[in-house]
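Subject: Structure handover

Hello,

Please find the structure below, followed by notes on what was found in it.

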Number of protein chains: 2
Amino acid sequence: MSRSVTVYDVAARAGVSIATVSRVLRSPDAVRATTRERVREAVAELGYVPSGSARGLAERRTGVLGLYFPGFDAAEEAPDLDVFVDDPASVPTFTLAHDDGEVHPTSLFLDEVLRGAELEAWKRGFVLMIGVGRDDPDRSTVRDMAGRVDGLVVLARSVPDDVLARLSRRIPVVVLSGPPRGDDYDHVTVSNSEAMAELTRHVLAQVPEGARVAFLAGPEDSPDGGQRWEGFSQAVRAAGIGTDAVTVVRGDFTRESGRRATEGLLVGGAPDALVAANDQMALGAIDVLRDAGLRVPEDVLVTGFDGIEAAALSRPAVTTIRQPMIDLGRAAVQVLARRLEHPDAPPAVVRLPLQILLRESSQRPS
Amino acid sequence: MSRSVTVYDVAARAGVSIATVSRVLRSPDAVRATTRERVREAVAELGYVPSGSARGLAERRTGVLGLYFPGFDAAEEAPDLDVFVDDPASVPTFTLAHDDGEVHPTSLFLDEVLRGAELEAWKRGFVLMIGVGRDDPDRSTVRDMAGRVDGLVVLARSVPDDVLARLSRRIPVVVLSGPPRGDDYDHVTVSNSEAMAELTRHVLAQVPEGARVAFLAGPEDSPDGGQRWEGFSQAVRAAGIGTDAVTVVRGDFTRESGRRATEGLLVGGAPDALVAANDQMALGAIDVLRDAGLRVPEDVLVTGFDGIEAAALSRPAVTTIRQPMIDLGRAAVQVLARRLEHPDAPPAVVRLPLQILLRESSQRPS
DNA sequence: TTGAAAGCGCTAACAT
DNA sequence: ATGTTAGCGCTTTCAA
C-alpha cells in the first residue's frame, strides 16, 4: 500500500512501453496476442488498478454520474457515533427493548430513485456518485460533485438557482421531479395534477350530491403540493361543486400535521370525503377520524398520495397515487446520458405516468 | 459547455498565476485580501469549477469513498425503460389500478446502510460513490470504483476473494456485515449469534416444559443465517432441551418460502414456538398459521430477525431483532477513515449491538 | 505492432 | 505574497 502500482511499473515488468499497456486495457485488439498476454500477466502479478483520476484527466470524462438530493436526514440530529471505544467490554452485543412499532417514515422515495438511477447508470457503463444537500452555506458538496462527474441529476429545489446555473456551465444537469419551469435544463417529472384530478373524480363519483369535501393540503412552498391542489380543485370545479362545500386545511406532509389539521376540520363537522396531499397526512387523518368514532370508508372516504408502504399496510388500506420512483431515477439518467451524447439538443421534459391505486379507504361499500 | 473553464482561464482573467488561483481555493489566507477578491470574482464570472480528476491526480487522493453492494435488483428482470417515445400522446399521464397492497420487500437494509455511510462520509469531507455487484464476470464495476476512490466498503461476500485481495493492494477495504474471518481487512459486523441466543431464551422461558420448538432457517450458504442458527441451537442446548423436541425447516429468506416451510412443519403437528431466521419468513409463517386456525401468540409464539417495517405493522406485531443499519454504514466509513489515517494499524473488527424488539407475537398472554 | 512524447488541469515545492 | 515549474498517471497522436 506504499506507492501505488502504475502503468510504468506494469510496462517495465512486461518489457513494453506504457502506451502498449494502455492499449491492452482500452483496445486489446490493437496489440499482438503474445504481447497482450505478457502485459496481462504483469497486470495480474502486480495487482494493477488504473487510476481513475489520471484517466479522467486524460480522457476528459470521468465515467461517473452524480445524484444530488436534499438532506434526507437532519445531520445535526444524528448523535455522534464513535466506534472506537477504549473498553470493548463496554459495548453490549445486544439490547432488549419493548417496542410498539415506531416506524421511521424516511424517504423511501429517494431510496428508490437511487436504485433506478444506479441501474440505468450501470447499464450505460457509468458509476454513480451521490451527495446529500445539508445546511451547507456555499453548497460545497454539490460543487465538489460537479467537478468529479460527467453529468448531474439534482432533485428539484435542492440547489439554489444561481449555483445550479454555474454548475451547468461545466456539465449537463437534469432536474428531477417538481414542476418544469421554463429553464434550459432537462426535466423529468410526473403528472401530479392530472392524476390528482382523476382520483378526485373517482372520489366525487361516490359521494352524494351536496356532500362536504375536504382537502388536506401540503406546505405552501411545496411545488408538488401545489400541483396536487390544482388537480383537486380543478376536478371539484369541473364537477360543479360550490366552494362552500369544500374545506381546505393545511399540514406539512407529516402524519402529526395530518392529525392536527383533521382535528381542526372536525370542529366544523365531519366531511364525507377527505383528499390528502400525501399518504402520511392521510394516515394521520384516519387516526383522528377513528378516534372520533367515524368509520373509513363507511362514513368518510380518504385518499393519500405517494404510495408509501404504510398506506398499503394500514387498515383500511389507503387509496393513493404511486410515484414511479424507480423509473424516475432511470429516466433521469437516461436523459442525462442522452444529453452527454447530444449536447446541443433542445431541453427535454419527460413526464412519467403515475399509478392510481384504489384501495379500501376510498370505496364506499354499496 | 464547449471547453471547460480551467485554472488558466481564471488566472488570466484575474491577472495572476495559476498558483495563486490554486491558493485562493485551498488556503485563502496565504493570499493578500485584494488579490483574493480579484480571483474570486474571476471564478464567479467564469463559473469555474475545479476538475476533480486533475485534483485527484495532483493530490494523490480523490476525496471519494466507495460503497459496493451485491445486486439489490435483478438487472435482467428490469424491463427496458425508454423514455424517448416518438409519440408523446402514447404516454399516459396516469394509470388506474385496483391494488391489494403488494409490497416490495426490497433491501431496506442497504438503503439504510447507505444513508449512514453517506452521513459519515459527509461529516468527514468525503463524497460517496456507490456500485452494485451484478453478474459481471470480471467484476469490472468494483475495479472501476477502486480506481476512483480513496477507500472502499464492500458488503461481505459481494466480491470474490481474489478480486478483493487485489483491490486492497491499492486502497483500504472494509468488509461490512458477515462473519469476520481471519483476514487482513477491517470488519464491521453485528452479534447475530449472541442476540439470537438471547431471543431464544426469552421464547423458551414462556413455553411449558417439553414444548415443541421449531427453527425456520435461512439458506445454507448465508453466513448470517448460519450465525443465527448457532445462537438458537446454543440457547436450546443450554436449556437442556432434547433434539427430538426441536424441528428445523429451511427457507430462503422470502415470505413465500416461510409459508412453504411452515406448511411442511404443520404436517407433523404445530409447534409451541417458531423462531425464524428473518422477518419475511416469520411473516410467511404467520400467514400459514392463521390459515390453519392457529393463533399467534396464544397458540404459537413467533419471532423474526431484521426489524423490517412490515414486522412492526403486521398484526400481531412481530418480535424481532433490529440490525443497526444506519450505524453499520456509519461505522464502516469511520473505520475506513481511520484506516486512511493510520495505514499500518492492525486490522480492526467492530461489532455493533443488535436491538431485540419484544412485540406481541412472542408474548404469551398470561 | 509498438514507442516517444505531448498534453489533460491541478498541487506543491522552490524561487523570488 | 506571488510566480515558475515539475510532476501526478494516464490516453493519444504521430513516427518508426
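How far is a phosphate oxygen of DNA strand D from an N or O atom in the side chain of Tyr48(A)? The distance is 2.5 Å, within the limit for a polar contact (a pair of N or O atoms within 3.5 Å; within protein, one must be able to donate a hydrogen and the other to accept it, and residues adjacent in sequence count only if both atoms are side-chain atoms).

Before the rest, some conventions. This is a predicted model, in which local features need pLDDT of at least 70 and side-chain atom pairs count only at pLDDT 80 or more, while totals for chains, interfaces and linings use all residues. Residues are numbered from 1 along each chain as its sequence is written, chains are lettered from A and ligands numbered from 1 in the order in which they are written, and side-chain values use heavy atoms, with hydrogens and water left out.

DNA strand D

Around DNA strand D there are 28 residues, of which Val7(A), Ser22(A), Tyr48(A), Arg23(B) and Thr35(B) come nearest; a residue is near a strand if one of its heavy atoms lies within 4 Å of it. A base oxygen of DNA strand D lies 3.2 Å from a backbone N or O atom of Ala58(B). Two or more residues each come from helix H1 (7–14), helix H2 (18–26) and helix H4 (52–59) of chain A, and from helix H2 (18–26) and helix H4 (52–59) of chain B. Helices here are DSSP runs (H or I, at least four residues), numbered from the N terminus. H2(A) gives the most to this surface, with 5 residues. By class, the surface near DNA strand D has 15 nonpolar, 6 polar and 7 charged residues (Ala, Val, Leu, Ile, Met, Phe, Trp, Tyr, Cys and Pro count as nonpolar, Asp, Glu, Lys and Arg as charged, and the others, Gly among them, as polar).

DNA strand C

DNA strand C is surrounded by 27 residues, and Arg23(A), Thr35(A), Val7(B), Ser22(B) and Tyr48(B) are the closest. Two arginines of chain B have side chains by phosphate oxygens of DNA strand C: an N or O atom of Arg55(B) at 2.7 Å, and a polar atom of Arg26(B) at 3.2 Å. A polar backbone atom of Ala54(B) is 3.3 Å from a base nitrogen of DNA strand C. Which element gives the most to the surface near DNA strand C? That is H2(B), with 5 residues. The surface near DNA strand C divides into 14 nonpolar, 6 polar and 7 charged residues.

Domains of chain A

An automatic or database assignment gives chain A domain 1 (64–75 + 105–190 + 325–353) and domain 2 (192–322 + 356–362). Their centres, taken over C-alpha atoms, are 31 Å apart. Each domain of chain A puts 7 residues into the contact (heavy atoms within 4.5 Å). Between domain 1 and domain 2 of chain A, 2 residue pairs are in polar contact, both at pLDDT 80 or more.

Regards
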